[in-house]
Each structure stands twice: as structure tokens, then as C-alpha cells.
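Please keep the sequence and the structure in view while reading.

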Amino acid sequence: MDANEQSESIVLYAPERKPEISNQLHQQRKEATWTFWLVTAGISTTFGAAIPTGYNIGVINAPAAYIKEWCNQTIYETYGIVFSEASLETFWAAVVSIFLVGGIIGSLGGAWVADKMGRKKSFLSCGVLLVLGGICFQFCRAVSSVELIIIGRLIVGLAAGLTTSTIPMYLTELAPIALRGQLGVLCSMGVTGGVVIGQVMSLEEVFGTEELWQYGLSFSVILVITFFVPYHWLPESPKYLYIIKKKRDEAINEIQRLGGRKARDDYVKQQIEAIRNEEALNDESDPEGAEQSTKKQRSLWSVITDPTLTMPLILVCALQGGQQLSGINAVFFYSVSIFESVGLSSTGAKFANLGAGCLNLFIAFFSPLLMEKINRRFLALLSCSMCSIFLLGLTVVVYLINSVSWFSYASIVAILLYILFYQIGLGPIPYFIGSELFEVSPRPAAMSLGSISSWSCNFIVAMLFPTLQSAWGAFVFLPFAVTCILLTILLHKYLPETRGKHISSIVPLVSHGFRSKPVVPYS
């Protein structure tokens with residue numbers, strides 16, 4: 001079967017089964033509820049992997065001066081090398097950014113781990129890496145080894161990439177369709193919360209001192225160990241067991257456990273039928289033929305070169321990369337100086353910046369409710385368009401901040417409104433949208449590629465922003481605004497609505513590449 005025939009077969013699949021699938025979805029939405037194992041899996045993965053990921057992003061900045069001083073002294077005592085100020089800054093930039101390199105590598109391995117080891121063991125891999133990284137941080141001073149800090153940053157970076165590429169997929173595959181978005185945003189909430197927790201724990205009043213900074217870097221290990229206690233009893237993804245591993249009986253057992261008290265025979269049959277619909281879609285879209293792939297695993301290359309997956313892959317990578325290129329980290333970095341411009345002390349500005357992070361987290365707490373009640377497409381478009389407006393506004397007021405007295409306060413308003421609109425769409429949706437645009441077989445590869453896009457763009461912003469800030473001043477926000485505008489145009493034309501829809505009705509809408517027309521009456 002060639003690419004055009006595959007595409008046609010996929011498009012024909014959804015309309016033919018639409019009435020039957022619609023009835024199933026209506027019944028599933030009616031019966032969907034939070035059960036013990038859904039809640040346990042959500043809490044365990046959020047506190048055991050997502051929050052530690054964000055923690056390792058936020059904890060490194062406040063005690064940076066103490067850690068750099070220790071690194072400089074240790075390198076001199078060990079190797080007899082004396083760093084100049086510029087060399088020390090370059091070394092420290094490498095220590096910080098190697099976390100992002102680890103994120104890229106970890107994302108690249110996410111597809112292999114998710115398919116070969118399973119969704120549940122992917123979570124275990126994240127935990128093991130986070131603990132190993134924390135051990136490196138804890139004992140680096142005891143053994144006077146700068147190398148341990150570098151290795152630790154690389155290891156927790158690997159864990160971060162693996163977390164963002166596998167945990168949202170694991171949770172959305174556990175969830176019934178009606179709860180898919182609510183579980184999918186937990187990873188985003190965890191990362192956001194972890195950043196704030198890391199900022200708090202690295203304050204001088206806690207662990208951000210010359211004597212205690214290593215405890216601050218390694219503190220997240222306590223979270224990992226504590227919330228991995230229920231790991232042995234956590235369910236594996238029924239879709240993974242049924243479609244990829246062909247372990248039908250085990251898949252049924254997991255459906256019954258996830259369904260809790262309501263897991264009657266008719267409920268289990270509905271869930272199995274939904275999985276079979278996805279498996280049938282997988283068979284029709286498999287370019288190698290269903291007969292040639294007993295476990296239905298797709299390589300990164302096969303996903304990249306499949307023309308029916310071009311548009312959903314572009315959407316996933318654009319959303320994940322655009323999340324970083326929208327400038328959220330740059331805005332937080334710049335906000336300290338803006339808070340200082342209105343008369344706050346250096347310490348006060350840092351606490352105000354922490355307050356902005358808390359606002360980001362506060363809004364994130366409403367993400368599950370938003371995902372349940374409001375369409376993804378509307379939230380994504382609203383978020384991207386409003387972020388572009390407030391970034392353009394921030395550019396203007398920062399440029400004229402010394403000319404108009406009240407522009408200092410206007411800049412704070414622009415930052416807070418930007419954070420608000422970022423967190424209702426660009427913040428949570430990119431983490432799990434791949435699980436709603438791809439069926440099971442190419443899903444791990446697509447999630448990995450999206451995560452690679454995210455960490456790569458994060459690395460680009462981290463490397464270029466200081467230079468661009470020095471060269472462009474207030475106009476440094478313009479590239480971020482342009483990114484949001486372009487992302488709005490792309491999403492408006494090609495992003496289908498996925499809330500409450502079965503994968504078999506979503507995939508055909510984006511299977512024709514740039515000729516796709518996802519916004520149609522039956523979508």
C-alpha cells in the first residue's frame with residue numbers, strides 16, 4: 001500500500017464508524033470518574049518525576065555565586081588551574097546548560113524506553129536517574145569533585161527529557177477519554193510547581209547558603225523516594241499491553257483495576273472496544289503492513305518519513321518548541337530588573353519574581369478544570385494570540401520605561417498578564433497534545449520528537465538570550481512575540497479539536513499534511 005492509499009484508508013475509517021464510536025464516547029464520558037489507581041498514578045508521577053524535573057530547573061540560580069566560588073577553588077586545588085572571571089562564567093554556563101543537553105538526549109531515548117520497557121518502567125527510569133543525580137550533588141563537596149556536579153546535572157537532565165516525553169503519554173493512556181486532558185496536564189503542573197519549590201528551597205533562608213547549597217541541589221531525592229513507594233502496584237498502560245505487547249488478559253486486568261468499582265463487564269467491553277478501534281486504525285496506518293509488525297513499534301525515522309504523520313508531528317514539535325520560544329524563561333529572567341525599576345531592592349525584586357512564579361503555579365492549578373470544560377483548540381489559540389500581544393506591549397513599555405513614569409508599573413502588568421495567558425494554553429497543552437494526535441504505535445516516537453524540540457529550543461534561548469539582551473535591549477522580546485504570532489496562525493489553520501474525541505476521529509483530520517482541513521463540520 002502506498003502513502004496515498006494509506007491516507008485514503010485512514011480518512012474513510014472515521015466516518016464509517018462515527019455513530020458507533022460517538023455512542024461509546026458518550027457512555028464513557030458518562031461513566032468516567034477518578035478512581036483510586038488513577039489518582040495514585042497521577043500523584044506518584046507528578047511528585048516522583050515532574051516536580052523533581054522542575055525543581056532541578058529552579059534550584060540552581062539563587063546559590064550560583066556560592067557554587068561558582070566552590071568550583072573555582074576546587075579546580076585550583078585539584079588541577080592547579082586559575083580561572084579568570086570570564087573563564088569561570090563560561091564554565092558555569094556549561095554546568096547549567098548541560099542539563100538542557102541531557103534533556104535533549106533523554107527525549108531522544110524516550111521512544112525506545114517507552115516501547116521496549118513499557119510506560120510504567122519509563123517512570124521507574126526517571127526516578128532512578130533523578131536519585132543518581134541527587135547523590136552526585138550531595139557528595140560532590142565531600143569528595144571535592146566538580147566533575148560530580150557536571151555529571152549530576154547531565155543525569156537529572158536525562159531524567160527531565162525522559163519525564164517530559166513519557167509521563168504525559170503514560171497518564172493519558174491510563175485515563176478514560178473524558179479524563180484524558182485532566183491527567184495529561186499533571187506533568188505540566190508538576191514541572192511548574194517544581195520550579196517554584198526549587199526557587200524557595202534555594203533561598204538563603206533555606207538551603208541557599210555557602211554551607212548548605214549541596215543539600216538544596218539534592219533535596220528533590222526525598223520527593224522521588226517518597227512517591228515511588230506505590231510504584232510496584234501502579235498499573236501499566238492497557239493500550240500498551242493490548243496493542244504493543246499483545247498481552248490481552250493483562251490489559252483487561254489493568255482496565256478493571258483502573259475502573260475501580262464501576263468496572264462492570266459492559267464498562268470493560270467499552271474500553272476494550274475503544275482500544276480495538278485504535279488498533280484497527282494503527283493497522284491501516286502502518287506503512288509496513290500489520291502482518292509484518294507483530295508488536296507494532298515505530299522507529300523515529302519511520303514516523304518522520306510517514307507523510308500521514310507530517311502535520312501532527314509539525315503541530316507537536318511546534319507547540320513544544322514554541323512553548324520555549326514564546327520566551328517564558330526570558331520573561332522570568334528579565335522580570336527581576338523590571339521589579340527593581342519600580343523601586344524594589346535587589347532582594348525584594350527576587351521575592352517579587354518568586355511571586356510571579358507562584359502566580360504561574362496558581363493558574364496551573366486550574367489547568368485540569370480548563371482541560372475538562374474548555375476546548376483545547378480555543379485555549380491554545382487564545383493563549384498564543386494574547387501572549388503575542390503582551391510581549392509586544394512589554395517591548396514598547398520597557399523601551400520607553402525611562403520616558404514615562406508609570407510604564408514601570410505597566411511593564412509589571414504586562415508580565416503578569418503574559419504569565420496568566422501562557423499558563424492557560426501554551427504551558428499545559430504541549431505536554432500532552434501528542435497523545436491526542438497520534439495513535440499508540442507512533443505515539444512514543446512523536447512524544448520524544450516533541451520533547452526534543454522543547455529542550456532544544458530551551459537550550460537555544462538559554463544560549464542566545466543574554467547576548468541578544470545586551471545587543472537589542474527591550475527589543476529582545478520581539479522574536480518571542482513573532483513566534484507566538486506564527487504559532488497562532490499554524491494552530492488556527494491545522495489544529496483539530498481533541499477534547500473528548502476518540503483518536504480514530506482525530507487522526508484522519510491531519511493525515512494529509514498541509515492539505516489537511518481539520519476544522520470541518522464532523523470534527
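The model is predicted.

**Helix pairs**

Helix H4 (residues 85-116) packs on helix H5 (residues 119-139) at an angle of about 130 degrees, and the two axes are 6 Å apart. This angle makes H4 oblique to H5, since values over 145 degrees would be needed for roughly antiparallel. The crossing of H4 and H5 is right-handed. On the H4 side the contact is made by Val113, Ala114 and Asp115, and on the H5 side by Arg119, Ser122 and Ser125. By type, the residues of this contact divide into 2 nonpolar, 2 polar and 2 charged.

Helix H15 (residues 310-325) and helix H22 (residues 443-472) cross at roughly 25 degrees, with axes that come within 8 Å. H15 is therefore roughly parallel to H22, because the angle is under 35 degrees. This crossing, of H15 and H22, is also a right-handed one. H15 contributes Leu313, Val316, Cys317, Gln320, Gly321, Gln323, Gln324 and Leu325 to the contact. From H22 come Ala446, Leu449, Gly450, Ser451, Ser453, Ser454, Cys457, Asn458 and Val461. The residues of the contact of H15 with H22 comprise 8 nonpolar, 9 polar and no charged.

Thr45 is part of helix H2 (residues 36-58). Its relative accessible area is 1%, so Thr45 is buried. Apart from neighbours within four places in sequence, Thr45 is in contact with Ala50, Phe123, Ile167, Tyr170 and Leu171.

Val191 belongs to helix H8 (residues 186-201). Val191 counts as buried because its relative accessibility is 8%, and the cut-off for buried is under 20%. With neighbours within four places in sequence left aside, the contacts of Val191 are Ala50, Ile51, Thr53, Gly54, Ile57 and Tyr431. The C-alpha atoms of Val191 and Gly58 are separated by 9.7 Å, while the two residues are 133 residues apart along the chain.

**Aromatic group**

The structure holds 18 aromatic pairs. In one of them, Tyr55 and Phe219 are tilted, at 6.2 Å centre to centre and with 35 degrees between the planes. This pair links distant parts of the chain, 164 residues apart: Tyr55 is in helix H2, and Phe219 is in the loop between helix H9 (213-218) and helix H10 (220-227). Tyr55 counts as buried because its relative accessibility is 0%, whereas Phe219, at 25%, is partly exposed. Tyr55 and Phe219 belong to one aromatic cluster together with Phe207 and Tyr215.

**Loop residues with positive phi**

Ser144 has a positive phi of about 50 degrees, although it is not a glycine. Ser144 lies in the loop between H5 and helix H6 (146-174). Lys246, another residue other than glycine, has a positive phi near 60 degrees. The loop that holds Lys246 runs between helix H11 (238-244) and helix H12 (248-259).

| Residue | Relative accessible area | Class |
|---|---|---|
| Ser144 | 40% | Ser144: partly exposed |
| Lys246 | 33% | Lys246: partly exposed |

Note on methods:
Residues are numbered from 1 along each chain as its sequence is written. This is a predicted model: local features need pLDDT of at least 70, side-chain atom pairs count only at pLDDT 80 or more; totals for chains, interfaces and linings use all residues. Side-chain values use heavy atoms; hydrogens and water are left out. Helices (H or I, at least four residues) and strands (E, at least two) are DSSP runs, numbered from the N terminus. Buried means under 20% relative accessible area, exposed over 50%, partly exposed in between (1.4 Å probe, protein chains only). Contact means heavy atoms within 4.5 Å. Axes are lines fitted to C-alpha atoms, for helices over the stretch in contact, and angles run from 0 to 180 degrees between N-to-C directions. Angles under 35 degrees count as roughly parallel, over 145 as roughly antiparallel, 65 to 115 as roughly perpendicular and the rest as oblique. A crossing is left-handed if the near helix is turned anticlockwise from the far one by less than a right angle, and right-handed if clockwise. Ala, Val, Leu, Ile, Met, Phe, Trp, Tyr, Cys and Pro count as nonpolar, Asp, Glu, Lys and Arg as charged, and the others, Gly among them, as polar. Rings of Phe, Tyr and Trp (its six-membered ring) pair if their centres lie within 6.5 Å; planes under 30 degrees apart count as stacked, over 60 as edge-to-face and the rest as tilted.
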